[in-house]
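Dear colleague,

I am passing on the structure we spoke about, together with some notes on what came out of looking through it. Please read them with the coordinates open beside you.

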Amino acid sequence: MGKYGQLVMGPAGAGKSTYCDTMEKHMQNSKRSVHIINLDPAAESFNYTPSVDIRDLITVDDVMEHLNFGPNGALVYCMEFLLQRSDWLMEQLGDYEDDYLIFDLPGQIELYSHISVMVKLIQLLQSQGYHLCAVYLLDSHFLDEPGKFIAGSLQALSAMLHLSLPHINVVTKMDLLPPGADEKEEFEKFFDTDVPAIVSQMRENSSSRLHPLATAIAQVVDDFSMVGFLPLDISDEDSIALVLQHVDHCIQFGEDEEPKDPGDADGGDDDY
């Protein structure tokens, strides 16, 4: 078996740790050997038990206390320190070379937009033979307003361009919406990335002087057809399985076992 992993990212509060815990349990029920790697030095608590934890090496609180950094500066310092101690990380991961890894990453958006530390981390893992997929999470609150959704889509697009990895976008916390919400007209336009419908709703709720700008920004998302989202309801095993199937397809997990195209399961395309 090769080396495979998911890099789970997204803004704070998107449900990254819950996603990791849910995926781990789902894979374990499928008899997969899986481990979660916590690379968030600011994490306080989570439901899972990490197999590797950056907090054993360095924490944001320690950096803030000893170097008088603010929270964001301390977090960036921790990630750069991790790269300087890459031998520690590789030694920790060495125990799980034949296992599927889920990396729980920090929520600071600048790590995925312009700072190079995550790119270097990805290059380090790839140099060790890991096949990786970025899983970018937005929570269902981004579906409240079209403008908020477009902003989240641009964040996801920025991360995709910056990290240059196979990339899946997921809307989490669908279990907080009414059952079948992803198929209702109110929300379906977001999952189909129906930009004309989204722009039309934005025009209804914004000043007319902002309409040209809103249209131009939304058109960026539409023109390149690079941003799509999968809904994730953690109370629905089929929803979890579909997201995992798309990730596995991206990294060709179990290539020798001839993985199925996700489109065969949901009847759609796989431009996510």
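In this predicted model, helix H1, which covers residues 16–29, lies across strand S1 (3–9), S2, strand S4 (100–104) and strand S5 (130–139), and the helix runs at about 165° to S4.

The strands belong to an open sheet of 7 strands with parallel pairing, in the order S3-S2-S4-S1-S5-S6-S7. Strand S3 (52–53) and strand S7 (230–231) stand at the edges and have a single partner strand each, so one side of each is left without a neighbour in the sheet. For S3, the pairing with strand S2 (residues 34–38) is parallel and extends over 2 bridges, and Asn-38 stands opposite Asp-53 in S3.

Leaving aside residues up to four places away in sequence, Leu-93 touches Ile-37, Val-52, Leu-101, Phe-103, Leu-125 and Tyr-130.

With a cut-off of 2.5 Å between cysteine sulfur atoms, the count of disulfides comes to 0. The sulfur of Cys-250 has its closest cysteine sulfur in Cys-133, at 4.2 Å, which is too far for a bond. Cys-250 is partly exposed, with a relative accessible area of 27%, whereas Cys-20 is buried, at 0%.

Definitions and conventions: Residues numbered from 1 in each chain as written. Predicted model: local features only at pLDDT ≥ 70, side-chain atom pairs only at ≥ 80, totals over all residues. Heavy atoms only, no water. Pairing = 2+ DSSP bridges. Helix = DSSP H or I, 4+ residues; strand = E, 2+ residues; numbered from the N terminus. Contact = heavy atoms within 4.5 Å. Axes fitted to C-alpha atoms, helices over the stretch in contact; angles between N-to-C directions. Buried < 20%, exposed > 50% of the residue type's maximum accessible area, 1.4 Å probe, protein only.
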